[in-house]
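I opened the model today to see how its parts sit together. These are my notes, in the order I looked things up.

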Amino acid sequence: MMTRCRSLLAAMLMLAPALSVAQEVPEAIRRQGFLRVGIEATYPPMAYKDPATNERRGLNVDLVTAIGEELKLDIRWEEMAFAQLIPAITTDRVDFSGSSMTDLPARRERLSFVDYVSTGAQVFTTVTQRKGAAQPADFCGRSLATPRTTNYFPQAQAWSEKNCVAAGKPPIRVIGTEGAAASRTDLQQGRADGAILGAEYVVYLRQQNPGTFVAVGEPISRNLSGMAFAKDKAELRDAVAGALSRMIADGRYLAILKKHGLEKQALPAITIDAGE
């Protein structure tokens with residue numbers, strides 16, 4: 001894992017100078033005067049609706065808004081379910097996705113990504129159910145709930161085989177759930193000893209429920225989240241990557257991540273299609 005992280009960091013730093021140069025926005029977009037950005041606003045703290053005002057909030061909302069300001073383009077949001085994002089991108093309903101989407105090789109068959117934050121499968125539990133757990137390995141022989149439709153489910157099983165079973169410890173009992181809310185419910189109602197969700201979502205849960213939840217160790221997997229573009233929109237993709245790179249250089253990027261408590265997931269440089 002450490003070797004892979006060092007290689008990823010090296011790749012980021014090699015790519016950074018190229019992305020720091022101002023990239024031209026496609027002429028058609030410049031004439032249009034705005035960017036059509038797809039967003040799924042049900043995943044805090046990345047993008048969600050403020051329950052008090054119904055206004056769109058989140059890290060992705062703030063980053064995309066800042067990108068628009070940097071490129072001198074208005075943002076026109078297109079809200080949709082997560083499952084609709086990829087079809088909307090590939091059929092040119094939107095110019096790109098402003099939602100967090102894990103940059104995976106399989107997805108790059110149809111899309112290209114501007115990677116802007118790290119993500120990973122974070123083990124967490126409640127203060128009362130922690131029982132001294134300080135590292136994910138302390139859940140060997142215990143149970144963890146995680147959505148069965150995400151990468152976290154097979155990642156948790158594979159991690160258990162490598163870090164529990166191979167070490168002569170009992171495996172983690174991985175409980176597949178219907179989603180993040182169900183995983184949290186299983187944990188809080190005692191059907192699971194802990195849970196695994198995205199590192200950014202665990203940050204939000206802890207912010208919203210002080211003294212209730214605790215993250216256990218570092219994420220058991222690491223990947224990159226990106227803004228997704230159609231393959232034929234490389235020029236726009238590079239313009240957005242350049243805008244984000246300038247925001248890293250002048251501190252705006254880190255300030256936005258700190259606002260949402262996600263500075264630990266900041267990248268040293270913006271990359272293109274670097275997810276594993």
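The angle between α8 and helix α9 (residues 252–259) is about 80°, and their axes are 5 Å apart. Axes here are lines fitted to C-alpha atoms, for helices over the stretch in contact, and angles run from 0 to 180 degrees between N-to-C directions. Helices (H or I, at least four residues) and strands (E, at least two) are DSSP runs, numbered from the N terminus.

I have to remember that this is a predicted model, where local features need pLDDT of at least 70 and side-chain atom pairs count only at pLDDT 80 or more, while totals for chains, interfaces and linings use all residues. Residues are numbered from 1 along each chain as its sequence is written, and side-chain values use heavy atoms, with hydrogens and water left out.

Which residues make the contact of α8 with α9? I found R246, M247, I248 and D250 on α8, and R252, Y253 and I256 on α9; contact means heavy atoms within 4.5 Å. By class that is 4 nonpolar, no polar and 3 charged residues. For the classes, Ala, Val, Leu, Ile, Met, Phe, Trp, Tyr, Cys and Pro count as nonpolar, Asp, Glu, Lys and Arg as charged, and the others, Gly among them, as polar.

Next I checked α3 (residues 59–71) against α8 (residues 234–250): the angle is about 100° and the axes are 9 Å apart. So α3 and α8 are roughly perpendicular to each other too. L63, A66, I67, E70 and L71 of α3 meet A239, V240, A243, L244, R246 and M247 of α8. I noted 9 nonpolar, no polar and 2 charged residues in that contact.

**Then the sheets**

A reminder to myself: strands of a sheet pair through backbone hydrogen bonds, either parallel or antiparallel. Two strands pair if DSSP finds at least two bridges between them.

I traced an open sheet of 3 strands, ordered β5-β1-β6, with parallel pairing. Its edge strands, β5 (74–79) and β6 (96–97), each pair on one side only. α3 turns up again here, packing on the sheet and touching β1, β5 and β6, with its direction at about 145° to that of β5. Strand β1 (residues 34–39) pairs with β6 over 2 bridges in the parallel sense, and G38 stands opposite S97 in β6.

The other open sheet I looked at has 5 strands in the order β11-β10-β12-β9-β13, and its pairing is mixed. The edges are β11 (173–177) and β13 (213–215), each pairing on one side only. On average, neighbouring strands are turned by 35° against each other, direction ignored. β10 (residues 143–147) and β11 pair in the parallel sense over 5 bridges. P147 has T177 as its bridge partner in β11. Helix α7 (residues 199–208) packs on this sheet, touching β9 (121–126), β12 and β13, and its direction makes about 115° with that of β12.

Is the peptide bond from P44 to P45 cis or trans? I read it as cis, with omega near 5°. P45 lies in the loop between β2 and β3 (47–49).

I also stopped at D92, which has a positive phi of about 65° although it is not a glycine. D92 lies in the loop between α4 (82–90) and β6.

Conventions: Parallel < 35°, antiparallel > 145°, perpendicular 65-115°, else oblique.
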